[in-house]
Amino acid sequence: MSDFWGNVFIETAARYSVAILCLVLFLVIFELVTSYKNWEEIKRGNFSVAMATGGKIFGIANIIRYSIQHNDTILESIAWGGYGFLLLLFGYFIFEFLTPTYKIDQEIANDNRAVGFISLVISVGLSYVIGSSIQ
């Protein structure tokens with residue numbers, strides 16, 4: 001049975017499945033902390049929400065990539081991925097805090113593409129910083 005779990009194709013499928021589950025869970029959490037409904041806004045054609053959500057997806061996937069690359073077990077990868085996600089979420093709140101003259105969520109919901117783009121870049125950029133720190 002250990003040969004089955006030691007097979008590179010099975011291990012890849014297992015890590016892929018866990019990554020998808022983590023991505024869905026983390027996106028649900030992001031959905032809860034934003035004032036708008038991501039997928040409803042995207043369906044309506046709100047490009048700013050699409051950019052911000054795409055940045056979150058890329059950021060989460062990048063953090064998961066680093067956690068898989070630097071850890072031997074799936075459980076370690078999940079733990080580091082979860083920790084990286086919390087740091088990414090914290091970065092989102094810092095972005096909101098550092099712009100006291102307007103609300104980031106409101107600007108993105110109103111399709112302010114400049115704010116949506118900056119949100120995308122922050123998520124992607126922070127994911128590389130977080131990922132490079134994963135052991």
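The UniProt annotation "transmembrane region", from an unreviewed entry, covers residues 13-33, 45-68, 80-102 and 114-134. The model discussed here is predicted.

**Annotated spans**
- Residues 45-68 are 92% helix and 0% strand, with end C-alpha atoms 34 Å apart.
- Residues 114-134 are 95% helix and 0% strand, and their end C-alpha atoms lie 30 Å apart.

**Packing of α4 and α7**
- Helix α4 (residues 47-69) packs against helix α7 (residues 113-133) at an angle of about 5 degrees, and the axes are 7 Å apart.
- The two helices, α4 and α7, are therefore roughly parallel to each other.
- On the α4 side the contact includes Phe47, Met51, Phe58, Ile63 and Tyr66, and on the α7 side it includes Arg113, Phe117, Leu120, Val124 and Tyr128.
- The contact residues of α4 with α7 comprise 11 nonpolar, 10 polar and two charged.

**Largest cavity**
- The largest cavity has about 100 Å³ of space.
- It is lined by 13 residues, of which Val18, Ile64, Ile68, Ser77 and Ile78 are the closest to its centre.
- Helices α2 (8-33), α4 and α5 (74-97) each supply at least two lining residues.
- Eight lining residues of the largest cavity are nonpolar, four are polar and one is charged.

**Second largest cavity**
- The second largest cavity has about 60 Å³ of space.
- Its lining consists of Phe30, Leu88, Gly91, Tyr92, Phe95, Ser119, Ile122, Ser123 and Leu126.
- Two or more of these residues come from each of α5 and α7.
- The lining of the second largest cavity has six nonpolar, three polar and no charged residues.

Conventions
Residues are numbered from 1 along each chain as its sequence is written. This is a predicted model: local features need pLDDT of at least 70, side-chain atom pairs count only at pLDDT 80 or more; totals for chains, interfaces and linings use all residues. Side-chain values use heavy atoms; hydrogens and water are left out. Axes are lines fitted to C-alpha atoms, for helices over the stretch in contact, and angles run from 0 to 180 degrees between N-to-C directions. Helices (H or I, at least four residues) and strands (E, at least two) are DSSP runs, numbered from the N terminus. Angles under 35 degrees count as roughly parallel, over 145 as roughly antiparallel, 65 to 115 as roughly perpendicular and the rest as oblique. Contact means heavy atoms within 4.5 Å. Ala, Val, Leu, Ile, Met, Phe, Trp, Tyr, Cys and Pro count as nonpolar, Asp, Glu, Lys and Arg as charged, and the others, Gly among them, as polar. UniProt positions are given in the numbering used here, feature names are shortened, and annotations may be inferred rather than shown by experiment. On a 1 Å grid over the protein atoms alone, a cavity is a set of points where a 1.4 Å probe fits but cannot get out, and a pocket is an open set with protein on both sides within 12 Å along at least five of seven lines; lining residues have an atom within 4 Å of a point. Grid points are joined across faces, edges and corners, and a volume is the space filled by probe spheres set on the points.
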